[in-house]
Amino acid sequence: MKNSNLLPVIIALVLSVASVKTTAQNNAYDSVLAKRLGADQYGMKKYVMVFLYRGDVKIEDESKRNEIQKAHLKNITKLAEEKKLILAGPFLDNGDLRGIFIFDVESMEEARRLTESDPAVKAGTLKMEIKPWYGSAAVMMIPELHSKLSKLNIAD
């Protein structure tokens, strides 16, 4: 076979492989799940991410620090139960960036208000930076999955 005759065959093979791959991806699409999670056509959605930094207030009294931390964790649980807070967690390097919140809320202002309700933010031991974020709608499934993995409640 001449090289000039080989080119159409190669193009046909590439297109058929691309078509099979596209079909496989489309067959996995779950429109009901996408709608339930609020996904756009790319499987993504808008969130508000809050970066929690070490605050300007340092509390020396260990029992007071523990009380604030327990209230902080209880607030996280409450916001998660309200289905506003989708993901939260600390950074483990003991740097100034202490943790994150990811909210499923309508506005940055709502995320600000919810974060300001946190006892550690109120006490000044944490401060916040708020950013709009575009991420996978699958993030919405984290609370449901986490409840199946957690033996203990961190706020207790």
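User: Leaving aside neighbours within four places in sequence, which residues is Val 105 in contact with?
Analyst: This is a predicted model, and in it Val 105 is in contact with Val 48, Lys 84, Glu 110, Ala 111 and Leu 114 once neighbours within four places in sequence are left aside.

User: How far apart are the C-alpha atoms of Val 105 and Tyr 47?
Analyst: They are separated by 6.7 Å, though the two are 58 residues apart along the chain.

User: OK, H4 then. Which of its residues are buried?
Analyst: Glu 110, Ala 111, Leu 114 and Thr 115.

User: Let's move to the core. Which residues touch the most other members in the largest nonpolar core?
Analyst: That core has 18 residues, and the ones touching the most other members are Val 48, Val 50, Leu 52, Leu 85, Phe 101, Phe 103 and Val 105.

User: Which elements supply at least two residues of this core?
Analyst: E1, H3, E3, H4 (108-116), H5 (119-123) and E4 (126-136) each do. H3 gives the largest share, 4 residues.

User: You listed Leu 85. What is Leu 85 in contact with, leaving aside neighbours within four places in sequence?
Analyst: Leu 85 is in contact with Ile 76, Leu 79, Ala 80, Phe 101, Ile 102 and Phe 103.

User: What about another core, apart from that one?
Analyst: Another core, of 9 residues, lies apart from the largest one. Among its members are Tyr 47, Met 49, Ile 86 and Met 140.

User: Switching to pockets: what volume does the largest pocket have?
Analyst: About 1,500 Å³. There are 44 lining residues, and the closest to the centre are Leu 73, Ile 76, Ala 88, Gly 89 and Ile 154.

User: Which element gives the largest share of that lining?
Analyst: H3, with 9 residues. Elements that each supply at least two lining residues include H2 (31-37), E1 (44-54), E2 (85-90) and H6 (142-149).

User: How many of the lining residues are nonpolar, polar and charged?
Analyst: The lining of the largest pocket has 23 nonpolar, 12 polar and 9 charged residues.

User: And the second largest pocket, what's its volume?
Analyst: About 170 Å³. It has 14 lining residues, with Tyr 29, Asp 30, Ala 34, Ala 39 and Gly 43 closest to its centre. By class, the lining has 9 nonpolar, 3 polar and 2 charged residues, and H2 supplies the largest share, 3 residues.

User: Last one, Met 44. Where is it, and what does it touch?
Analyst: Met 44 is in strand E1. Not counting residues up to four places away in sequence, Met 44 touches Gly 38, Ala 39, Tyr 134, Gly 135, Ser 136 and Ala 137.

User: How accessible is Met 44?
Analyst: Met 44 is partly exposed, with a relative accessible area of 22%.

Methods: Residues numbered from 1 in each chain as written. Predicted model: local features only at pLDDT ≥ 70, side-chain atom pairs only at ≥ 80, totals over all residues. Heavy atoms only, no water. 1 Å grid on protein atoms, 1.4 Å probe; cavity = no way out; pocket = protein on both sides within 12 Å on 5 of 7 lines; lining within 4 Å. Points joined across faces, edges and corners; volume = space filled by probe spheres on them. Nonpolar A, V, L, I, M, F, W, Y, C, P; charged D, E, K, R; others polar. Core = buried A, V, L, I, M, F, W, Y, C linked by side-chain atoms within 4.5 Å. Buried < 20%, exposed > 50% of the residue type's maximum accessible area, 1.4 Å probe, protein only. Contact = heavy atoms within 4.5 Å.
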